Amino acid sequence: VFVAERGRGIARIEAGGKINATGQFQVGSEVGGFGTAAITGAGSTVTTGGLTVGLFSEGDLEIENGGKAVASFTNIGQFAGGAGAILVRGTNSRLEVANGLTVGNLGAGALNVQSGGVVTAANVAVNSVSSLNLSGSSVVQSSIDNSGLLSAFNSSVTGGVTLRANSQMSFDNATIGSLTQHASDLLVNLRGASDFDNLIVT
């Protein structure tokens, strides 16, 4: 399924609608494309082998109000020129990735999880020009390897967080499993009652 392969395109899955794409579900594919997609409402689901938002162009995906996306892998901003954003917002709104979730591979990506949204993945990687932002009792059930910007307000990361050189992290009343730093300098902004099981600096 391609939403805006080369031009502009819009897709909306709502009211319990379902899409099963054995190949890929792409939002914003080739150069010059601009795609937007929404999965909204309880029971509304996209199930796909691969979910890509912003392959070579721009793409935005919103998962809200109990909608769900299920994928084997997910890329946000995959190649140079690609810029993608995924928003997971609201109770029971979920992005479930069986394997890796990459926020910015060679492009730029943003993953925003808000108001009780949940993201699950085997692992999450954020590149140097990309961001992962959590707020409002949202949860990421995964480890995170961060080379960009990671922020969490009143939210939690169940796995460990690894900070790479020149990355940034801002936590306010947030919880993570552990923190490992792989750079000569560590700049962490902690506000409120943030909790860490382990803090490892190497």
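**Close-up views, one by one**

**View 1. A loop with N92 in it.** N92 sits in the loop between β8 and β9 (94–97). Strands here are DSSP runs of E with at least two residues, while helices are runs of H or I with at least four, and both are numbered from the N terminus. What you are looking at is a predicted model, where local features need pLDDT of at least 70, side-chain atom pairs count only at pLDDT 80 or more, and totals for chains, interfaces and linings use all residues. Residues are numbered from 1 along each chain as its sequence is written, and side-chain values use heavy atoms, with hydrogens and water left out. Back to N92: its phi is near 70°, a positive value in a residue other than glycine. Most residues other than glycine have a negative phi. N92 also counts as exposed, at 58% relative accessibility; the cut-offs are under 20% relative accessible area for buried, over 50% for exposed, and partly exposed in between, with a 1.4 Å probe and protein chains only.

**View 2. Another positive phi, at N173.** Look in the loop between β19 (168–172) and β20 and you'll find N173. The phi of N173 is near 55°, again positive in a residue other than glycine. At 35% relative accessibility, N173 is partly exposed.

**View 3. R12 and E14 hold hands.** Salt bridges come up a few times in these views: a side-chain nitrogen of Lys or Arg has to be within 4 Å of a carboxyl oxygen of Asp or Glu. The structure has four of them. In one, R12 partners E14, with the closest N and O atoms 2.7 Å apart. R12 is exposed at 51% relative accessible area, whereas E14 is partly exposed at 42%.

**View 4. E64 meets R89.** Here the side chains of E64 and R89 form a salt bridge, 2.6 Å from N to O. E64 belongs to strand β6 (residues 58–64) and R89 to strand β8 (residues 83–89), so the pair ties together parts that are 25 residues apart in sequence. Which side of this pair is buried and which is partly exposed? E64 is buried, with a relative accessible area of 11%, and R89 is partly exposed at 30%.

**View 5. R164 reaches D145.** Another salt bridge joins R164 and D145, the closest N and O atoms being 2.8 Å apart. R164 lies in strand β18 (residues 156–164) and D145 in strand β16 (residues 144–146), so this pair links parts 19 residues apart in sequence. R164 is partly exposed at 31%, and D145 is partly exposed too, at 27%.

**View 6. β18 and its strand partners.** Two strands pair if DSSP finds at least two bridges between them. Strand β15 (residues 139–141) pairs with β18 in the parallel sense over two bridges, with V140 opposite V157 of β18. β16 runs parallel to β18 and is joined to it by three bridges; I144 has V161 in β18 as its bridge partner. Then comes strand β20 (residues 175–182), which pairs with β18 in the parallel sense over seven bridges. V161 turns up here as well, opposite L179 in β20.

**View 7. Inside the nonpolar core, around L95.** A nonpolar core is a set of buried Ala, Val, Leu, Ile, Met, Phe, Trp, Tyr and Cys residues joined through side-chain atoms within 4.5 Å. The largest one has 41 residues, and I86, L95, L101 and L111 have the most contacts inside it. What does L95 touch, leaving aside neighbours within four places in sequence? Its contacts include L51, I63, A69, I86, V88, L101 and L111. Contact here means heavy atoms within 4.5 Å.

**View 8. Q78, tucked into a loop.** Q78 is in the loop between β7 (68–76) and β8. Q78 is buried, with a relative accessible area of 14%. Not counting residues up to four places away in sequence, Q78 touches T52, G54, L55, N105, L106 and G107.

**View 9. Two rings, stacked.** Rings of Phe, Tyr and Trp (its six-membered ring) pair if their centres lie within 6.5 Å; planes under 30 degrees apart count as stacked, over 60 as edge-to-face, and the rest as tilted. By this rule there is one aromatic pair. F56 and F79 make that pair, and it is stacked, at 4.8 Å centre to centre with 20° between the planes. The pair links distant parts of the chain, 23 residues apart: F56 is in the loop between β5 (45–53) and β6, and F79 in the loop between β7 and β8. F56 is partly exposed at 31% relative accessible area, and F79 is partly exposed at 28%.
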